[in-house]
Amino acid sequence: MTWIYLVIAGIFEVVWATMMKLSNGFSHLGYAAATVVGMILSFGFLALATKHLPLSIAYPIWTGIGAVGAIIVGLVFFKDTIAPITWVFIAMLVIGIIGIKVTS
């Protein structure tokens with residue numbers, strides 16, 4: 001269950017980052033409120049995960065899920081573009097996340 005909490009925390013990190021973007025500098029109240037709710041849920045699930053996982057494992061995986069998720073959201077919903085070489089580093093990030101999980 002601990003790993004599920006960590007994945008949920010990472011997903012809510014993507015949610016709050018996306019809502020923050022949509023809030024347009026916190027000028028749209030609904031998106032701003034969703035940002036705060038997403039942050040609370042993300043940190044709450046991270047706190048649950050760190051009850052049983054070392055911080056040195058939980059935190060990098062949490063931020064990695066958030067980073068990769070934000071990249072995906074940016075590409076799909078906001079039509080962001082990234083340089084081809086960036087894909088190499090995204091792949092390295094995903095490999096690092098998997099490596100941390102497998103070796104922990």
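Predicted model: local features only at pLDDT ≥ 70, side-chain atom pairs only at ≥ 80, totals over all residues.

The protein contains four helices and zero strands, so that, read along the sequence, its pattern is α-α-α-α. Taken along the principal axes, the C-alpha atoms fill a box of roughly 40 × 35 × 15 Å. Of the 104 residues, 28% are buried, and the protein exposes about 6,400 Å², of which carbon and sulfur atoms supply 77%. Among contacts between residues at least 6 apart in sequence, 71% join residues at least 24 apart.

An unreviewed UniProt entry lists residues 29-50, 57-78 and 84-103 under "transmembrane region". In the model, residues 29-50 are 95% helix and 0% strand, with the end C-alpha atoms 31 Å apart, while residues 84-103 are 100% helix and 0% strand, with the end C-alpha atoms 29 Å apart.

Helix α3 deserves a separate look. It covers residues 55-77, 23 residues in total, and reaches 32 Å from its first C-alpha to its last, close to the 33 Å expected at 1.5 Å a residue. Its buried residues include Ile-57, Ile-61, Trp-62, Val-68 and Val-73, together with the glycines Gly-64, Gly-66, Gly-69 and Gly-74. Against which helices do the buried residues of α3 pack? They pack against α1 (2-22), α2 (29-49) and α4 (84-103). After α3 comes Lys-79, whose phi is positive, near 55°.

A pair of aromatic rings is described by the distance of the centres and the angle of the planes. With ring centres required to lie within 6.5 Å, the count comes to four aromatic pairs. One of them joins Tyr-5 and Phe-45 in a tilted arrangement, 5.9 Å centre to centre with 40° between the planes. Because Tyr-5 lies in helix α1 and Phe-45 in helix α2, this pair ties together parts that are 40 residues apart in sequence. Tyr-5 is partly exposed, with a relative accessible area of 23%. Phe-12 and Phe-45 form a stacked pair, 6.2 Å centre to centre with 5° between the planes, and this pair also links distant parts of the chain, with Phe-12 in helix α1 and Phe-45 in helix α2, 33 residues apart. Phe-12 is likewise partly exposed, at a relative accessible area of 24%.

Key: Residues numbered from 1 in each chain as written. Heavy atoms only, no water. UniProt positions renumbered as here; feature names shortened; annotations may be inferred. Helix = DSSP H or I, 4+ residues; strand = E, 2+ residues; numbered from the N terminus. Expected span 1.5 Å × (residues − 1). Buried < 20%, exposed > 50% of the residue type's maximum accessible area, 1.4 Å probe, protein only. Contact = heavy atoms within 4.5 Å. Areas by Shrake-Rupley, 256 points an atom, 1.4 Å probe, with all protein chains shown as cover. Phe/Tyr/Trp six-rings, centres within 6.5 Å; stacked < 30°, edge-to-face > 60°.
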